[in-house]
Each structure stands twice: as structure tokens, then as C-alpha cells.
Amino acid sequence: MYILREYFVAKPGQAGPLASLLKEISAISAPGKSRVLTDMTGEFNRVIMETEVDSFADMEARWKDYMSNPDWKAKMKGYTELWESGGREILRVV
């Protein structure tokens with residue numbers, strides 16, 4: 001199993017709206033296997049979305065669905081205006 005962790009440093013005042021949007025998306029894309037967190041001690045305004053996947057193939061399928069799903073594209077329109085930087089980590093659960 002793998003944990004896909006995507007993290008964002010939100011613009012000031014945008015961490016709440018970003019977290020809410022990511023929570024809506026994670027409920028659609030990976031119900032029960034995803035969660036949204038806010039960082040209490042690290043960088044200010046950091047929002048993290050973690051998703052459990054069984055394999056790299058599952059990750060790829062998730063990304064393909066995201067890129068081709070018009071409903072997701074509509075919901076995520078403008079979300080890049082909410083954050084300044086970010087990144088992705090892929091962690092293997094041992």
C-alpha cells in the first residue's frame with residue numbers, strides 16, 4: 001500500500017477555502033481512503049491531502065480520471081489561485 005500526499009502552501013486567508021475544496025474532491029475521488037489535514041507546526045497555511053492506494057496503477061488511474069472528468073475540472077477551476085507552492089510525496093507503507 002502507498003500513501004499519496006499532496007501538500008499546498010495556501011495564500012494568506014485561503015487555507016480554509018482550499019481545505020474545504022480538497023475535502024469535497026477527496027470525498028468524490030477516494031471515499032474512505034482520503035483525508036485532508038492542516039499543518040499545526042510547519043509552514044503557515046499548509047494544507048495536505050493524503051490518499052491511500054494499493055498500487056502505482058491505482059494512482060495512475062486516479063490521475064487519469066481527474067484529468068478527464070469534466071465535473072472535477074469544473075469544481076477545481078481556479079483552485080490554483082488559492083495556493084503559492086506545493087508538492088507531492090509518495091510513501092510506501094511497510
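Colleague: What should I know about the numbering and the model?

Modeller: Residues are numbered from 1 along each chain as its sequence is written. In this predicted model local features need pLDDT of at least 70 and side-chain atom pairs pLDDT 80 or more, while totals for chains, interfaces and linings use all residues; side-chain values use heavy atoms, without hydrogens and water.

Colleague: How many aromatic pairs does the structure hold?

Modeller: Rings of Phe, Tyr and Trp (its six-membered ring) pair if their centres lie within 6.5 Å; planes under 30 degrees apart are stacked, over 60 edge-to-face, and the rest tilted. The structure holds four such pairs. One of them, tyrosine 2 with phenylalanine 56, is tilted, at 4.7 Å centre to centre and 45 degrees between the planes.

Colleague: Which parts of the chain does that pair link?

Modeller: Helices (H or I, at least four residues) and strands (E, at least two) are DSSP runs, numbered from the N terminus. Tyrosine 2 is in strand 1 (residues 2-10) and phenylalanine 56 in helix 2 (residues 56-68), 54 residues apart.

Colleague: Is tyrosine 2 buried or exposed?

Modeller: Buried means under 20% relative accessible area, exposed over 50%, and partly exposed in between (1.4 Å probe, protein chains only). Tyrosine 2 is buried at 19%, whereas phenylalanine 56 is partly exposed at 48%.

Colleague: Why is the pair of phenylalanine 8 and tyrosine 79 edge-to-face?

Modeller: Their planes stand at 80 degrees, with the centres 6.3 Å apart, so the pair counts as edge-to-face. Phenylalanine 8 is buried at 10%, and tyrosine 79 is buried at 18%. Ring pairs link Phe8, Tyr79 and Trp83 into a cluster.
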